[in-house]
Amino acid sequence: RVTFVDGPPVGVKAIDPVAELARALTLQNGVLRGATMTSADVVYFRFTFEHSLLADERAGGLTHVWVNPATRSVPRMARWNESSEQNDFNDTTRPLASDDQLELPWALAGAVATAALAPTVAAFLDGLRRRRDRDVRRLRDYYLEIDHAIRRKLDGARPHGEVRPREIDRLEATVRSYRARLVDVADRYRVRVHLKPVAVLACRLPTQRVTARLMRRNTTTEAAFSWNPFDARIESPCCDGCNTPLATAWLCDDRAHILCESCVSPCGQCGKAFCRACHKRCPKRHDP
């Protein structure tokens, strides 16, 4: 469900684009040059996702994420007031696909929601890990006691008596049972994460559009950023490779894509760094 609303009245002030870019984004291997500023009205989307974490216990809730598809950026909207007046509007300028359906940036929204949920998932996993380790220790101690008892009987058994083969069978059965129980513990603590879209809010807001040149060695490209009045700062751009919001970025050598550290990391086989926005896999040919 998509609801179109006008945002609360806000004023857009003049900004220093160079200073705002320097405050919002750190480039590790490139520079920003020639920043210019223009005013623009932008349609923002707020996606509401229902998330659930399933293991030996269940946790879940709702997550709201804002995205700006015009500049592929993520605002925080910290001052957004749900109770303020929001009037439905018919936005005749909204982007429509060929089948007359509104084009929603699902890939961008999914990546932003995943990044927003990372602390929640990490806390959930920490609790699971502690309980799993506790259960594994108890299981190991229990089977070690059985194992030691059987081995004591084996030490006192006669080499060619009837007790020894029976106790060896018990020892092997104990090992099999222990391994099966470990598999049960692993299954009990296996985590499944479900992310389900619930609703979308489309809101039109005035912004300052900042355009700058990204320079990496001999490569130069033009990039657009947004400054919105709710955050009063440049919105976090998203990685061109995986759509993760960035505060620190790297530029690729070929096309100066904005990348996160993972999307410019070296290949696991040859050790050559490559851009995940330019190539889905390492461009270097590897020996079979």
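View 1. His-51 belongs to strand β3 (residues 31-54); strands here are DSSP runs of E with at least two residues, numbered from the N terminus. Leaving aside residues up to four places away in sequence, His-51 touches Ala-59, Gly-60, Gly-61, Leu-62, Thr-63, Leu-117, Thr-120, His-194 and Leu-195, where contact means heavy atoms within 4.5 Å. With 10% relative accessibility, His-51 counts as buried (under 20% relative accessible area is buried, over 50% exposed, and in between partly exposed, using a 1.4 Å probe and protein chains only). Its side chain also makes a polar contact with the side chain of Thr-63, at 3.0 Å. A polar contact is a pair of N or O atoms within 3.5 Å; within protein, one must be able to donate a hydrogen and the other to accept it, and residues adjacent in sequence count only if both atoms are side-chain atoms.

Please keep in mind that this is a predicted model, in which local features need pLDDT of at least 70 and side-chain atom pairs count only at pLDDT 80 or more, while totals for chains, interfaces and linings use all residues. Residues are numbered from 1 along each chain as its sequence is written, and side-chain values use heavy atoms, with hydrogens and water left out.

**View 2. The open sheet β2-β10-β11.** This sheet has 3 strands and mixed pairing, with β2 and β11 as the edge strands, each pairing on one side only. Two strands pair if DSSP finds at least two bridges between them. Strand β2 (residues 26-27) runs parallel to β10 over 2 bridges, and Thr-26 has Thr-248 as its bridge partner in β10. The pairing of β10 with β11 (residues 258-259) is antiparallel, again over 2 bridges; here Trp-250 stands opposite Leu-259, and Leu-251 has Ile-258 as its bridge partner.

View 3. In the hairpin of β10 and β11, 6 residues lie between the strands, and Ala-256 takes a positive phi near 60°.

Conventions. Helices (H or I, at least four residues) and strands (E, at least two) are DSSP runs, numbered from the N terminus.
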